[in-house]
Amino acid sequence: MMKEGNSALFELEVQLPDARLTAQAERLIGFKTRFERIHQDLLLLIDKEGLERWSKQHYHSRLPLLDSLLDRYPLVVFHGDVGTGKTATAEAVSNAIAKELGKEAMLFKLSTRVRGSGNVGEMSTLINQAFDLVCKEAGKAKLSFLIIDEADSLAASRSGHQSHHEDKVAVNTLIQKIDDIRRFNGRILVIFCTNRYEAIDPAILRRAAYVEKFSRPDDRERREIFNMDCAGMGMTAVMIDELVKLAGPQGPHKLSYTFSDIRTRLLPEALGLAYPSRKISQNDLVEAISRVHPSPTIEESGKR
Ligand SMILES: Nc1ncnc2c1ncn2[C@@H]1O[C@H](COP(=O)(O)OP(=O)(O)O)[C@@H](O)[C@H]1O
Ligand SMILES: [Mg+2]
């Protein structure tokens, strides 16, 4: 069951596993491979009972190593350009882990509204309230996942020139909350998503138990997304190859399109050229590529 978070705190509050998120993962290119690679690291952060079973089974005792694991912070950071799938993956990963562990779980996605209206102490108060709710769920012996999207807006380095007192207080609160959730012994996992990794406060980055970078799709991944999204449209392999090339770094814009550029801008643009009178032609797709520009990289958007 999914409800749009109606509080000022969460954009999303979902009970896991969730059918919509399972379907979302199916349509994410590369999700399976990525999940296979990272899920082991995430389990070591969140599967306390599984680790205890493992220890009993193989050592007939509870190894001190398990306590050492609990010293880590249950924080992971996903970073990369806008539209490379960080948010969608964070949601899908939480869902897949909950499914794998067969446990009741809640997923919360913190709203950027917690930045508040700039009143003194407001941001910290909202961060505190959000973590309280997340902890309450974890207290009921459930797993609790918290996605902090656009985390740089809350956790920007305290040493920056533009850092205001209010922002510094918020970062301190965030650090304290991340320290606090360790006492939940791995029932809470926090995922930060950001396209400005370098802007995040070093004290937060130091706590991250796991960091995962997201990139624009390579040739193979662009082929996969075009094949998936253009299925049934009668595109030949040669046509698809041409699109893969044009949407890549060797195309007219010298910058690869992101997953999001292709799926949410390029393909709708081509559809718009054909709809409602005719089928989508290869020309429509090529025309769309010349009209829609790939999202700039962070460095480039900074220059504007
Ligand atoms: N790996 C992927 N495969 C297919 N589509 C993707 C992928 N990553 C992102 N997208 C598309 O881009 C949209 C935005 O992705 P999102 O996760 O919000 O990106 P980010 O958080 O990195 O900015 C998704 O809803 C989806 O349509
Ligand atoms: Mg995002």
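How many Å separate the centres of domain 1 and domain 2? Taken over C-alpha atoms, it's 34 Å. To colour them, select 2-214 for domain 1 and 219-294 for domain 2; these bounds come from an automatic or database domain assignment.

A quick note before you zoom in: this is a predicted model, where local features need pLDDT of at least 70, side-chain atom pairs count only at pLDDT 80 or more, and totals for chains, interfaces and linings use all residues. Residues are numbered from 1 along each chain as its sequence is written, with chains lettered from A and ligands numbered from 1 in the order in which they are written.

Next, pick G83, in the loop between β3 (75-80) and α5 (86-101); helices (H or I, at least four residues) and strands (E, at least two) are DSSP runs, numbered from the N terminus. Is G83 buried or exposed? G83 is buried, with 22 other C-beta atoms within 10 Å (20 or more makes a residue buried, 12 or fewer exposed, in between partly exposed, with C-beta atoms placed from the backbone). Leaving out residues up to four places away in sequence, G83 touches T258, F259, S260, D261 and S295 (contact means C-beta atoms, placed from the backbone, within 7 Å).

Now show ligand 1. Of the 17 residues around it, G85, T87, A88, F259 and S260 come nearest (near means a C-beta atom, placed from the backbone, within 6 Å). α12 (259-274) and α5 each give two or more residues to that shell, and α12 gives the most, four. Both domains contribute residues to the shell, so ligand 1 lies between them.

Definitions and conventions:
Two residues are in contact if their C-beta atoms, placed from the backbone, lie within 7 Å.
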